[in-house]
Amino acid sequence: MSADLDLLDETVVPADAREVKREAAAFAAEHIEPVAEDYFREGTYPWDVLEAGQNAGLVGQDIPEEYGGRGFSLSEMLAVAEEFYRADAGIGLTLMLASFGNELVYEYGSERQREEYVRPVAEGEQISGLAVSEPQTGSDLAGMTTSAEEVEGGYELTGEKYWVGNAVEGDWLTLYAKTGDREDRYGNYSLFIVETDRDGYEAEHIPEKMGMRASKQGHIVLEDCFVPEENLIGAEGGGFYALADFFNHGRIVVGGHGLGLAAAAIEEAWSFVHDREAFARKISEFQSVQHDLADMRTEFEAARSLNYRAAEKVETGEDAGLWAAMAKLKSTETAVDCAERGMQLHGGRSVLTDRRIARVYRDVRIPVIYEGANEVQRNLVYRQS
């Protein structure tokens, strides 16, 4: 039984985000925590938990009410993320990715696109995804090679996409492709809605991951996959700039992923050292152990305060790129540090696969990479300072 340290308390959370946070905490306790170990072991997609999340109005709800959502603020999305990830990162990622890319269609798409694609996802009737990364290209948004060739009535997409959440399960994806070859390489990319049942679209699951096993990513191969011109999102050539803004918001939420995982690691370590004895006393009585726990708690609180401050900065558009990068960097690396210390404090028990700390240890390696690897975040922090 893990310790209840109230690490995700409400005091740092904006008042208008606290009710949604309580909803997410209650949902996680009822629907995620009891099945987390089973889904991690089996590595299957948690359809039942996803459906429950949709029914509870906790999936894809940053879309305004007029299009089927609840209009969650960035702080509310952050609060939901940390609660879900504290319960289980794999299931949490599935719930967060079920509407990924939908926000881009709402923000930049036409009224027809909003009604036809955004609304069904916000209302829990469809699943979306975002296809950006490629097998040979990760964080270099201006280096992607998947092409969209203009043909009569639309575009033909050719290339590959990798690490795509819901590449297999989704109804449609927001896909990033090259539409130009100008000297300004940042203006060469556009966004498209691609239904997953189109001819020329093939997807398969990526081989099993070491962590977050309840979340499924796919490898997409596009071969002359035709999409009509009305599937272009916004203006041709605007894809890079739309994604850059979108990722500022996403990195705040990914910071929440790190916070939830760090909280889980601290809880497990705290419980273990207070329950186990060595050399005729509790492990928690050793000063070095106390110092480890003190460092974990201090770094966690620092990361959490930064993350919520950054959420406010991004929402108001004040140096959004800088604050988003710092929040994602600090929170996800704090999770790695807390998980590593937690493993060490568990000693030999840490390597047992049925231990929550071992699951957290695997999971923390992933958020430091997605939504822009942390090396890229350091570049952004330096340049934008």
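How many of the 27 residues of H10 are buried? Select helix H10, residues 320-346. The count is 20 of the 27, so H10 is largely enclosed by the rest of the structure. Buried means under 20% relative accessible area, exposed over 50%, and partly exposed in between, with a 1.4 Å probe and protein chains only.

Before moving on, note the ground rules. This is a predicted model, where local features need pLDDT of at least 70 and side-chain atom pairs count only at pLDDT 80 or more, while totals for chains, interfaces and linings use all residues. Residues are numbered from 1 along each chain as its sequence is written, and side-chain values use heavy atoms, leaving out hydrogens and water. Helices (H or I, at least four residues) and strands (E, at least two) are DSSP runs, numbered from the N terminus.

**Stop 1: the length of H10**

Stay on H10. Its end C-alpha atoms are 39 Å apart, which agrees with the 39 Å that 27 residues should span at 1.5 Å a residue. The expected span is 1.5 Å times one less than the number of residues. Now step to Gly 347, which follows H10 and has a positive phi, near 60°.

**Stop 2: H4 and H5**

Select H4, residues 74-87, and H5, residues 89-97. They pack at an angle of about 145°, with axes 8 Å apart. Axes are lines fitted to C-alpha atoms, for helices over the stretch in contact, and angles run from 0 to 180 degrees between N-to-C directions. Show side chains for Met 77, Ala 81, Phe 84 and Tyr 85 on H4, then Ala 89, Gly 92, Leu 93, Leu 95 and Met 96 on H5; these make the contact. Contact means heavy atoms within 4.5 Å. By class, there are 8 nonpolar, 1 polar and no charged residues. Here Ala, Val, Leu, Ile, Met, Phe, Trp, Tyr, Cys and Pro count as nonpolar, Asp, Glu, Lys and Arg as charged, and the others, Gly among them, as polar.

H4 reaches 20 Å from first C-alpha to last, close to the 20 Å expected.

**Stop 3: the core**

Centre on Phe 84. Leaving aside neighbours within four places in sequence, its contacts include Ala 24, Phe 27, Ile 32 and Leu 58. Phe 84 and Ile 32 are also among the residues with the most contacts inside the largest nonpolar core, which has 105 residues. Such a core is a set of buried Ala, Val, Leu, Ile, Met, Phe, Trp, Tyr and Cys residues joined through side-chain atoms within 4.5 Å. Helix H8, residues 239-275, gives the most to this core, with 18 residues. A second, separate core has 17 residues, including Tyr 155 and Ile 220.

**Stop 4: aromatic pairs**

Rings of Phe, Tyr and Trp (its six-membered ring) pair if their centres lie within 6.5 Å; planes under 30 degrees apart are stacked, over 60 edge-to-face, and the rest tilted. The count comes to 11 aromatic pairs. Select Phe 100 and Phe 246: centres 5.6 Å apart, planes at 45°, so the pair is tilted. Phe 100 is in the loop between H5 and H6, Phe 246 in H8, 146 residues apart. Both are buried.

Next, pick Tyr 117 and Trp 172, an edge-to-face pair at 5.4 Å and 70°. Tyr 117 lies in H7 and Trp 172 in E4, so the pair ties together parts 55 residues apart in sequence.

**Last stop: Gly 180**

Gly 180 lies in the loop between E4 and E5. It is buried, at 16% relative accessible area. Draw a line to Asp 6: 51 Å, C-alpha to C-alpha.
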